[in-house]
Amino acid sequence: MTGRIATALYLTYAICVAVCLDVAERARMVRADWRGLPTVSRWLVAVAATWLWFVLLLLVASSTHAIQPDASGTMNVRNGAIGVKDNTIGPTQLDETASYTFSGVLAFSSSGTVDIPDSTVAGLGTATTGYVRRLSDGGAVGSPVLADGTQFECPEENTQKIRIATCPPWNVTADGTTDDRTALQAMLTSGATVYLPAGTYIIGSDAWRLNVSNLTVRGAGIGQTILKMKDSTNLDRVVLFQNCTNCLLQDVTVDQNNANQSSGSRRAVETATANTNVTLDRVELKGSVGINTFYGGGTLTGLTIRNSRIVGGGVAGRLINVASGTRVRITDNVVTAAGEAIGCASCVDATITGNTVDQTADVGGSSIFCSACTGAVMSNNNINSHGTTFVGGDQIGCFGGSTDIVLANNRVLDGTDNGVQVDDCSDVTVTGNVIDGALTNGISVLNSEGVTVVGNYVRDVGGGTISNNRNGIMLRSSAAAGAVKNVTVIGNVIVDLQGSPTMEYGIWDQGLESQQVTIAANEVRGATIASVDLGDSTSVGPNYVSNVAASTAIDVTGTAADGWTATVAWDATEVNDTTWGDNSDATITHTFNVSTGTDPVVSVTDNVWSVSTGKVGIGTTTVPHGGIGTAKVAIEGTNANEAGPHLQVTTSADDYPLMQWVNWQHDSVQILFDAHFVASAGVYRSSDAGSNYRLIKSSDAFALEADFGISAASTVTFDSVLLASSAGLTFNEGGLSAFDLRVEGDTDANLLTVDASGDKVGIGIAVPAAKLNVTTSALQTEVARFESVATNDDPSMRVFNSRGATSGAASATADIATASDKVYGVEFRTVARCVSGAGCTAGQGGYWVTRANYKNVGGVLSEITETNDFASDDITGTITNPAVSVSGTNIRLTVTGLANQELTWHTTWLIQEVGT
């Protein structure tokens with residue numbers, strides 16, 4: 001349009017000039033007097049001058065490409081641009097074939113947005129505040145104007161993969177009133193990135209179904225971009241992932257609009273059918289009245305919910321509910337709920353970590369749980385239940401046959417039931433958790449097997465009203481004998497520091513004949529009934545116990561007819577002013593009361609056991625024996641005798657020692673692994689058929705020895721693996737072929753190898769093929785270096801290997817760097833082989849030897865001389881000999897191939913050098 005206007009103006013100007021010249025000529029011919037001109041001529045001159053002045057003004061104005069506002073602030077249009085003083089809005093792309101007039105005024109508000117009054121452009125109808133319209137789109141709302149006053153450009157569909165909802169051709173209204181679901185659905189295609197500018201997008205006719213793969217839907221941020229269920233539609237969900245692979249929903253709020261619905265599931269987001277790698281990142285899910293603000297259904301492989309905020313939940317509310325899934329990651333979210341917050345059922349490989357759960361009412365339900373899961377980690381979560389009334393529902397735990405579960409480093413505050421619950425699970429670790437103020441038990445293990453409870457802190461529990469459920473740690477078997485089995489409770493701190501303690505038992509095994517339970521090294525303070533109350537078949541101790549109320553330290557219950565025995569070992573130094581309960585079924589070993597402020601002293605005949613000032617002696621009453629050395633435990637026996645101070649370790653698997661420490665006499669001390677010394681027979685025997693090892697100091701030498709493949713109880717003959725003596729260090733002293741040596745480097749697993757059976761040494765190779773076999777894993781690297789450092793110039797010879805390939809007549813090069821102020825002598829040995837190509841005959845090849853010397857003076861490298869000592873080949877055609885040259889400060893070897901032939905080249909460089 002600019003070109004056509006300019007052309008018309010110049011033509012008009014030319015006509016006016018011609019007329020003026022004609023008039024002037026007539027005046028000269030008649031008389032040189034303006035007053036003598038005819039009236040018509042005078043008018044023509046005036047018109048020409050006026051046009052000339054007008055054209056000059058337009059030419060000046062057109063050079064700015066935008067009309068500035070006049071004194072009243074009114075905007076004009078020129079060349080498709082709107083100019084607003086120093087803050088020009090980008091091109092509005094007006095139709096160049098027509099002209100338009102403005103009847104209103106564009107004005108910037110204090111926030112920098114643009115206010116477009118009604119009917120700003122004739123024919124466009126009512127404008128929308130904050131947007132500009134494009135006539136080429138039929139008056140549809142176009143780009144939003146950002147807060148800084150600049151125009152948000154709508155990208156062309158053909159050149160941009162980002163689809164902006166409010167831009168053409170999508171033209172989603174996002175006005176909080178119009179049902180945008182159909183328009184949003186039309187935007188989706190596989191591989192697309194959909195951007196939703198700030199606004200409220202109403203979902204009314206159906207859920208927005210994200211049913212394509214490799215899709216990214218991103219908004220302007222939580223609270224800025226809102227996907228909201230339309231009033232009274234009672235939809236089951238707002239957003240539905242359906243058959244979606246690699247899909248991301250990010251930076252949006254999804255609002256169920258619960259207050260304006262009367263029925264339906266009313267889920268914010270749901271997965272259905274089959275989905276893989278679905279991610280919700282920085283999203284907000286709002287307003288559940290029932291369960292499932294997020295519902296993970298169908299076949300779900302790879303779900304991530306992170307950095308998000310989930311708000312809502314009624315009495316039965318479960319805000320994040322994964323019905324089943326594999327590779328589930330729920331991390332770093334904030335969940336505000338009146339009921340259950342995060343639940344994962346039938347999940348495999350689930351991680352729920354770093355979440356904050358704030359329960360707003362005592363309505364029951366577990367805050368975070370897994371049911372029937374395999375391989376789940378629930379860790380570093382922060383749960384505040386604000387519990388004041390027992391309503392049932394554990395704060396975090398596993399249920400329903402879950403296995404391989406870790407509950408670690410969670411913080412639970414004021415739970416309405418158990419702080420941590422393990423119910424009908426196996427292979428569970430509960431560690432590092434802090435439970436403060438649970439109304440029932442701090443940690444409850446019910447009908448579970450293979451549970452380790454270690455290093456947890458339980459404080460001020462039992463504030464509820466249910467008797468026998470107000471304990472630090474409780475073990476229960478509600479179904480049958482042995483339902484609680486193989487449970488270890490170690491190193492936990494269980495305290496009630498309240499003015500009026502509410503914890504009944506510190507640790508209580510309430511089960512029906514629990515089996516294989518170990519309780520040890522726990523600290524219990526403030527229990528009102530008993531610090532530890534055990535069922536049957538339990539091993540306990542030593543534990544630290546302090547009671548602030550009249551209570552028993554330990555109570556072993558049951559009847560002798562049960563056939564179970566509890567073996568108790570207690571830390572006597574810490575059991576002060578306590579009483580023992582019913583221990584009729586227990587075998588109590590070394591139990592005694594100690595008055596406050598005194599040390600325990602127990603002596604048993606024959607010096608078998610001695611405890612004195614915190615030390616233990618076996619075979620001696622003095623620790624250390626004779627006062628020589630330092631020891632907490634001392635053992636004394638007969639010198640060079642079976643009755644000597646020997647130590648042996650076995651397990652319940654069999655009677656063969658795992659380790660035996662034979663302290664026979666000075667200069668005869670040994671430790672045997674899976675082997676044992678039979679002093680009466682004077683022989684060594686195997687404890688395991690796989691291997692037997694011995695560390696021994698004998699005859700002033702120290703050795704590591706071994707034997708292999710000797711069945712248990714059979715005689716072992718030890719062979720020296722490593723021997724240290726005053727003569728030095730020797731590997732494989734016996735020369736056995738099986739004792740190979742391998743030394744690993746930082747990145748080379750075979751830095752040095754010795755093949756004992758082949759009498760070969762390797763460097764960089766697992767099985768050396770020669771007496772010395774040096775191998776590198778990279779080409780054009782230094783393989784070996786031989787040098788002398790006796791003089792300042794350090795003469796050396798280096799060996800490099802390299803490989804190259806040529807296709808056709810192309811060339812390949814290899815470089816070796818040089819150093820300043822050195823002279824180099826280089827021998828290049830090159831071999832080539834023809835491997836393929838129309839001109840190639842299999843097996844053809846060649847061999848070349850070239851020698852040259854170079855000097856590098858002050859960083860400038862030059863060749864002194866070179867000779868071609870040998871050249872031989874039977875390759876079809878005439879091949880160019882390998883050439884040597886200088887490339888900067890590098891010595892270069894260049895090989896050149898032949899047409900229609902694929903050649904492989906190997907070269908070895910022998911480099912000698914001398915410097916200053």
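Here are some friendly notes on the predicted model shown above.

1. A word on ground rules: residues are numbered from 1 along each chain as its sequence is written. In this predicted model, local features need pLDDT of at least 70 and side-chain atom pairs pLDDT 80 or more, while totals for chains, interfaces and linings use all residues; side-chain values use heavy atoms, without hydrogens and water.

2. Among contacts with a separation of 6 or more, 54% join residues 24 or more positions apart (contact: heavy atoms within 4.5 Å).

3. The protein chain has 916 residues, and 42% of them count as buried (under 20% relative accessible area, 1.4 Å probe, protein chains only). Its accessible surface is about 42,600 Å², with 53% belonging to carbon and sulfur atoms (Shrake-Rupley method, 1.4 Å probe).

4. Do look at the aromatic rings: the whole structure holds ten aromatic pairs (Phe, Tyr or Trp ring centres within 6.5 Å, using the six-membered ring of Trp). Tyr-505 and Trp-508 are stacked (planes under 30 degrees apart), because their ring planes lie at 20 degrees, with centres 4.4 Å apart. Tyr-505 is buried at 10% relative accessible area, and Trp-508 is buried at 9%.

5. Ring pairs also join Trp-664, Phe-677, Tyr-684 and Phe-718 into a cluster. The charged end of Arg-694 sits over the ring of Tyr-684, 4.7 Å from its centre (CZ of Arg or NZ of Lys within 6 Å of the ring centre and within 35 degrees of the ring normal). Likewise, the charged end of Arg-267 sits over the Tyr-295 ring, 4.2 Å from its centre.

Terms used
Buried means under 20% relative accessible area, exposed over 50%, partly exposed in between (1.4 Å probe, protein chains only). Rings of Phe, Tyr and Trp (its six-membered ring) pair if their centres lie within 6.5 Å; planes under 30 degrees apart count as stacked, over 60 as edge-to-face and the rest as tilted.
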